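Dear colleague,

I am handing over a structure that will be new to you, and I would be glad if you read it alongside the notes that follow.

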Amino acid sequence: MSAQTEFHTPSPPVPPREPAGDDAPRIVPVRRTGQWAAAVVVLLLLAGALVSVVRNDAFQWDVVGAYLTTDSVLRGLGLTLWLTGLVMVLGFALGTLLAVFRLSDNRVLQAVSWGYVWLFRSTPILVQLLFWFNIGALYPQILGVDTVNLLSPIAVAVIGLTLHEAAYAAEVVRGGILSVERGQLEAAQSLGLGPWRRLRRIVLPQAMRSIVPPAGNMLIGTLKGTSIVSIIAVQDLLYSAQLVYHRTYEVIPLLLVATLWYVVITSLLSIGQHYVERHYARGTAGAR
């Protein structure tokens with residue numbers, strides 16, 4: 001008989017049995033005792049501060065409620081909102097033009113834009129307002145026009161705030177334009193689009209993702225910054241409150257009235273900024 005060779009197929013390895021019942025390993029969550037203790041301390045401090053503010057009779061919350069919606073305060077609030085909107089529109093219109101000048105190939109336009117931004121960012125807004133308010137002392141006549149009583153306080157506020165905001169808006173718009181990929185401009189140029197059409201149809205829509213967040217911050221800053229026009233007797237929200245407490249000597253309640261309105265408006269603007277940012281961030285990884 002011939003010898004027969006036997007072949008043995010190796011058996012698959014037997015997986016180790018998992019311990020059953022109480023022998024299974026348990027996952028123990030990390031104890032964050034310090035974080036919870038810190039959170040409790042912070043909440044207690046906030047609660048204590050809130051109770052002290054509410055129960056402190058010196059705040060005179062009844063007076064605050066009485067003046068919160070008076071005609072004079074609401075007129076001041078309306079002027080503040082009007083001034084903020086007008087300054088932002090004019091400031092960004094001028095700022096966009098300055099940004100285009102800065103990015104152009106013309107050396108003169110570049111120098112003019114750079115000099116404007118440098119000058120108006122280097123001087124305080126209060127100083128600029130006071131210069132415009134006293135323009136008649138510097139130039140009594142311009143082209144034969146008497147400038148002593150030419151500009152009203154509101155006109156001075158619009159001019160001063162607009163020129164100031166335009167310097168910051170120019171840098172915001174310039175940064176947004178620079179964030180657009182160079183290939184987009186080359187593709188638009190290859191299609192025969194002119195410079196202004198490329199800017200309006202290609203560059204600015206994409207640059208808005210970078211422009212909107214700082215522009216929203218500028219809007220909120222401008223809203224609060226308009227309070228400085230009270231120094232030249234423009235009856236904005238703060239000046240309206242000052243007129244009342246100069247008559248009634250209720251300083252703290254009237255300052256709280258102005259503060260509450262600023263908090264309400266800035267909160268609404270922050271909510272609007274969130275949705276505008278989300279709109280322009282569609283299709284990006286960071287969109288929420």
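**Salt bridges**

Across the whole structure, a search finds 2 salt bridges, a salt bridge being a side-chain nitrogen of Lys or Arg within 4 Å of a carboxyl oxygen of Asp or Glu. Please keep in mind that this is a predicted model, in which local features need pLDDT of at least 70 and side-chain atom pairs count only at pLDDT 80 or more, while totals for chains, interfaces and linings use all residues. Residues are numbered from 1 along each chain as its sequence is written, and side-chain values use heavy atoms, with hydrogens and water left out.

Helices here are DSSP runs of H or I with at least four residues, strands are runs of E with at least two, and both are numbered from the N terminus. R102 is partly exposed, with a relative accessible area of 24%, and E171 also counts as partly exposed, at 21%; the terms follow relative accessible area, with buried under 20%, exposed over 50% and partly exposed in between (1.4 Å probe, protein chains only).

E171 also meets the side chain of R174 in a salt bridge, at 2.9 Å from N to O. Both of these residues lie in helix α7, 3 residues apart, which is about one turn of the helix. Through shared partners, the salt bridges join R102, E171 and R174 into one network.

**The overall fold**

The protein has 11 helices and 2 strands, and along the sequence they follow the pattern α-α-α-α-α-α-β-β-α-α-α-α-α. Of its 288 residues, 30% are buried. Among the contacts (heavy atoms within 4.5 Å) with a separation of 6 or more, 75% are between residues 24 or more positions apart. The protein exposes about 19,400 Å², of which carbon and sulfur atoms supply 63%; accessible areas come from the Shrake-Rupley method with a 1.4 Å probe, and for residues only the protein chains shown count as cover.

**The nonpolar cores**

A nonpolar core is a set of buried Ala, Val, Leu, Ile, Met, Phe, Trp, Tyr and Cys residues joined through side-chain atoms within 4.5 Å. The largest one has 18 residues, of which Y67, L237, L254, V257, W261 and Y262 touch the most other members. Helices α2 (61-67), α3 (71-103), α10 (237-248) and α11 (251-280) each supply at least two residues of this core, and α11 gives the most, with 7 residues. Leaving aside neighbours within four places in sequence, Y67 is in contact with V73, V244, T248, E250, L254 and V257. Apart from this core lies another, of 15 residues, among them M88, L199, V203 and A207.

A241 is found in helix α10 and counts as buried, at 1% relative accessibility. Residues up to four places away in sequence not being counted, A241 touches L254 and A258. The C-alpha atoms of A241 and V251, which are 10 residues apart along the chain, are separated by 8.6 Å.

Which residues are buried in helix α5 (residues 125-133)? They are I125, Q128 and L129, and because they cover an arc of only 100° around the axis, they sit on the same side of α5; the arc is that of the directions from the helix axis to the C-beta atoms. What covers these buried residues includes α4 (107-122) and α7 (153-178).

T162 has its place in helix α7 and counts as buried, at 9% relative accessibility. Not counting residues up to four places away in sequence, T162 touches V87, L90 and G91.

**A nonpolar patch on the surface**

V127, F131, L138, Y139, I142 and L143 form a nonpolar patch on the surface, with about 650 Å² of accessible area together. Patches are made of residues with over 30% relative accessible area and no salt bridge, where like charges are joined within 9 Å and nonpolar side chains (Val, Leu, Ile, Met, Phe, Trp, Tyr) within 5 Å. L143 lies in the loop between β1 (141-142) and β2 (145-146), and L143 is exposed, with a relative accessible area of 86%.

With kind regards
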